[in-house]
Amino acid sequence: MKLLTPSLLVITLFVIGGMIFKSMAPRRCATILPDDTIFVLTGDMRRIPFAMRQLKKHPNTDLYIIGAGATGSYDMARRVTIESESKSTYQNALAIKEIAERTGLDRIVIITTEDHMNRAKYLIEHELPYSEIVACPVPLSDMPVTKRLERWAIEYIKYIATLFGVKEG
(Lines give C-alpha, C1' and ligand atoms only; values in the text may rest on other atoms or scores of the structure.)
Protein backbone atom coordinates (compact mmCIF):
# COMPACT_ATOMS: atom_id res chain seq x y z
CA MET A 1 0.00 0.00 0.00
CA LYS A 2 2.91 2.39 0.69
CA LEU A 3 4.15 2.02 -2.92
CA LEU A 4 0.71 2.75 -4.26
CA THR A 5 0.44 6.11 -2.52
CA PRO A 6 3.50 7.77 -4.17
CA SER A 7 2.50 6.30 -7.55
CA LEU A 8 -1.03 7.60 -7.18
CA LEU A 9 0.35 11.01 -6.19
CA VAL A 10 2.63 11.12 -9.26
CA ILE A 11 -0.23 10.11 -11.57
CA THR A 12 -2.53 12.68 -10.00
CA LEU A 13 0.07 15.43 -10.36
CA PHE A 14 0.73 14.40 -13.96
CA VAL A 15 -2.98 14.53 -14.83
CA ILE A 16 -3.50 17.89 -13.08
CA GLY A 17 -0.40 19.26 -14.78
CA GLY A 18 -1.71 18.06 -18.13
CA MET A 19 -5.01 19.82 -17.54
CA ILE A 20 -3.16 23.04 -16.68
CA PHE A 21 -0.92 22.62 -19.75
CA LYS A 22 -3.96 22.27 -22.01
CA SER A 23 -5.78 25.20 -20.37
CA MET A 24 -2.70 27.43 -20.89
CA ALA A 25 -2.72 26.90 -24.65
CA PRO A 26 -4.30 29.76 -26.61
CA ARG A 27 -7.60 28.86 -28.26
CA ARG A 28 -7.90 31.68 -30.79
CA CYS A 29 -5.56 33.52 -33.06
CA ALA A 30 -4.43 36.79 -31.50
CA THR A 31 -4.69 39.99 -33.50
CA ILE A 32 -2.40 40.07 -36.50
CA LEU A 33 -1.20 43.59 -37.28
CA PRO A 34 -0.56 44.84 -40.84
CA ASP A 35 3.21 44.93 -40.40
CA ASP A 36 3.52 41.58 -38.57
CA THR A 37 5.50 38.67 -39.92
CA ILE A 38 3.97 35.21 -39.67
CA PHE A 39 6.01 32.05 -39.07
CA VAL A 40 4.24 28.74 -39.63
CA LEU A 41 5.91 25.61 -38.27
CA THR A 42 5.55 22.54 -40.48
CA GLY A 43 4.77 19.12 -39.09
CA ASP A 44 1.01 18.90 -39.37
CA MET A 45 -0.95 19.05 -42.62
CA ARG A 46 -3.35 21.68 -41.19
CA ARG A 47 -0.74 24.35 -40.50
CA ILE A 48 0.25 25.62 -43.96
CA PRO A 49 -3.33 25.86 -45.33
CA PHE A 50 -4.34 27.68 -42.12
CA ALA A 51 -1.39 30.06 -42.55
CA MET A 52 -2.32 30.70 -46.18
CA ARG A 53 -5.85 31.64 -45.07
CA GLN A 54 -4.32 34.09 -42.57
CA LEU A 55 -2.15 35.52 -45.34
CA LYS A 56 -5.25 36.11 -47.50
CA LYS A 57 -6.81 38.04 -44.59
CA HIS A 58 -3.60 40.06 -44.13
CA PRO A 59 -2.16 40.47 -47.66
CA ASN A 60 0.66 42.84 -46.63
CA THR A 61 2.04 40.38 -44.11
CA ASP A 62 5.15 38.32 -44.82
CA LEU A 63 4.92 34.57 -44.24
CA TYR A 64 7.79 32.21 -43.48
CA ILE A 65 7.20 28.47 -43.71
CA ILE A 66 9.68 26.95 -41.28
CA GLY A 67 10.80 23.34 -41.08
CA ALA A 68 11.40 20.03 -42.78
CA GLY A 69 9.04 19.24 -45.56
CA ALA A 70 8.46 22.87 -46.49
CA THR A 71 8.60 22.75 -50.27
CA GLY A 72 6.56 23.86 -53.22
CA SER A 73 5.12 27.11 -54.38
CA TYR A 74 2.22 28.95 -52.85
CA ASP A 75 -0.21 31.63 -53.99
CA MET A 76 1.08 35.09 -53.19
CA ALA A 77 4.61 33.66 -53.50
CA ARG A 78 6.25 37.07 -53.27
CA ARG A 79 5.12 37.22 -49.62
CA VAL A 80 6.12 33.61 -48.78
CA THR A 81 9.62 32.44 -47.87
CA ILE A 82 10.45 28.78 -47.23
CA GLU A 83 13.08 27.56 -44.75
CA SER A 84 13.38 23.77 -44.99
CA GLU A 85 16.61 23.04 -43.11
CA SER A 86 15.31 22.85 -39.53
CA LYS A 87 14.12 19.41 -38.47
CA SER A 88 12.79 19.94 -34.93
CA THR A 89 10.86 22.53 -32.96
CA TYR A 90 14.10 23.71 -31.36
CA GLN A 91 15.76 24.06 -34.78
CA ASN A 92 12.62 25.93 -35.92
CA ALA A 93 13.16 28.34 -33.01
CA LEU A 94 16.80 28.86 -34.04
CA ALA A 95 15.78 29.49 -37.68
CA ILE A 96 13.14 32.01 -36.56
CA LYS A 97 15.71 33.72 -34.33
CA GLU A 98 18.13 34.06 -37.24
CA ILE A 99 15.44 35.52 -39.52
CA ALA A 100 14.07 37.85 -36.81
CA GLU A 101 17.53 39.19 -35.95
CA ARG A 102 18.54 39.57 -39.61
CA THR A 103 15.36 41.44 -40.53
CA GLY A 104 14.98 43.40 -37.28
CA LEU A 105 11.69 41.89 -36.13
CA ASP A 106 10.58 42.53 -32.56
CA ARG A 107 7.07 41.06 -32.93
CA ILE A 108 6.29 37.80 -34.69
CA VAL A 109 3.20 35.65 -35.15
CA ILE A 110 3.58 31.90 -34.68
CA ILE A 111 1.23 29.44 -36.34
CA THR A 112 1.27 25.85 -35.17
CA THR A 113 -1.35 23.43 -33.90
CA GLU A 114 -2.93 24.19 -30.55
CA ASP A 115 -1.36 21.15 -28.87
CA HIS A 116 2.12 22.20 -30.04
CA MET A 117 1.81 25.93 -29.26
CA ASN A 118 2.98 25.94 -25.61
CA ARG A 119 6.27 24.19 -26.33
CA ALA A 120 6.93 26.03 -29.61
CA LYS A 121 6.23 29.40 -28.00
CA TYR A 122 8.41 28.53 -24.98
CA LEU A 123 11.38 27.60 -27.19
CA ILE A 124 10.98 30.68 -29.41
CA GLU A 125 10.62 33.01 -26.41
CA HIS A 126 13.79 31.48 -24.97
CA GLU A 127 15.68 32.32 -28.19
CA LEU A 128 14.06 35.76 -28.64
CA PRO A 129 13.47 36.98 -25.08
CA TYR A 130 12.95 40.62 -26.07
CA SER A 131 10.50 39.94 -28.89
CA GLU A 132 6.74 39.75 -28.66
CA ILE A 133 5.56 36.30 -29.69
CA VAL A 134 1.94 36.26 -30.84
CA ALA A 135 0.15 32.90 -30.90
CA CYS A 136 -2.15 31.88 -33.72
CA PRO A 137 -3.09 28.25 -33.05
CA VAL A 138 -4.53 25.85 -35.59
CA PRO A 139 -7.49 24.05 -33.98
CA LEU A 140 -7.64 20.26 -33.90
CA SER A 141 -11.44 20.15 -33.80
CA ASP A 142 -11.66 17.99 -36.93
CA MET A 143 -9.77 15.15 -35.21
CA PRO A 144 -11.22 12.25 -33.17
CA VAL A 145 -11.10 12.87 -29.42
CA THR A 146 -8.80 9.91 -28.70
CA LYS A 147 -6.25 11.14 -31.26
CA ARG A 148 -6.40 14.66 -29.80
CA LEU A 149 -5.82 13.31 -26.27
CA GLU A 150 -2.86 11.29 -27.51
CA ARG A 151 -1.34 14.34 -29.21
CA TRP A 152 -1.88 16.54 -26.12
CA ALA A 153 -0.25 13.90 -23.89
CA ILE A 154 2.78 13.60 -26.17
CA GLU A 155 3.20 17.38 -26.34
CA TYR A 156 2.81 17.66 -22.57
CA ILE A 157 5.58 15.11 -22.03
CA LYS A 158 7.80 16.93 -24.55
CA TYR A 159 7.04 20.22 -22.79
CA ILE A 160 8.09 18.76 -19.43
CA ALA A 161 11.33 17.49 -21.02
CA THR A 162 11.92 20.95 -22.52
CA LEU A 163 11.51 22.55 -19.09
CA PHE A 164 14.27 20.21 -17.90
CA GLY A 165 16.57 21.41 -20.70
CA VAL A 166 15.95 18.76 -23.37
CA LYS A 167 15.55 20.84 -26.52
CA GLU A 168 15.93 18.17 -29.20
CA GLY A 169 14.14 14.89 -29.50
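Visitor: What does the accessible surface of the protein come to, and what percentage belongs to carbon and sulfur atoms?

Guide: Please keep in mind that this is a predicted model. The accessible surface comes to about 9,600 Å², and carbon and sulfur atoms account for 61% of that.

Visitor: Which pattern does the protein follow along the sequence?

Guide: There are five helices and five strands, and reading along the sequence gives α-β-α-β-β-α-β-α-β-α.

Visitor: What makes the protein as compact as a globular protein of that length?

Guide: The globule rule gives 15 Å for 169 residues. The radius of gyration here is 17 Å, which is close to that value, so the protein is as compact as a globular protein of that length. As for its extent, the C-alpha trace spans about 65 × 35 × 30 Å along the principal axes.

Visitor: How do you know that Cys29 and Cys136 form a disulfide?

Guide: Let's start with the idea itself. A disulfide is a covalent bond between the sulfur atoms of two cysteines. The cut-off for calling a pair a disulfide is sulfur atoms within 2.5 Å. In Cys29 and Cys136 the sulfur atoms are 2.0 Å apart, so the pair counts as a disulfide. The pair links distant parts of the chain, 107 residues apart: Cys29 lies in the loop between helix H1 (4-24) and strand E1 (37-41), while Cys136 belongs to strand E5 (residues 132-138).

Visitor: Why is the disulfide of Cys29 and Cys136 called left-handed?

Guide: The torsion about its S-S bond is about -110°, so the disulfide is left-handed.

Visitor: Why does Cys29 count as partly exposed?

Guide: Buried means under 20% relative accessible area and exposed means over 50%, with partly exposed in between. Cys29 has 29% relative accessibility, so Cys29 counts as partly exposed.

Visitor: What percentage of the residues of the protein count as buried?

Guide: Of the 169 residues, 44% count as buried. Ile110, found in strand E4 (residues 107-113), is one with a relative accessible area of 0%, so the under-20% cut-off makes Ile110 buried.

Notes:
Residues are numbered from 1 along each chain as its sequence is written. This is a predicted model: local features need pLDDT of at least 70, side-chain atom pairs count only at pLDDT 80 or more; totals for chains, interfaces and linings use all residues. Side-chain values use heavy atoms; hydrogens and water are left out. Helices (H or I, at least four residues) and strands (E, at least two) are DSSP runs, numbered from the N terminus. The radius of gyration is taken over C-alpha atoms; the globule rule is 2.2 Å times the number of residues to the power 0.38. Buried means under 20% relative accessible area, exposed over 50%, partly exposed in between (1.4 Å probe, protein chains only). Accessible areas come from the Shrake-Rupley method with a 1.4 Å probe; for residues, only the protein chains shown count as cover.
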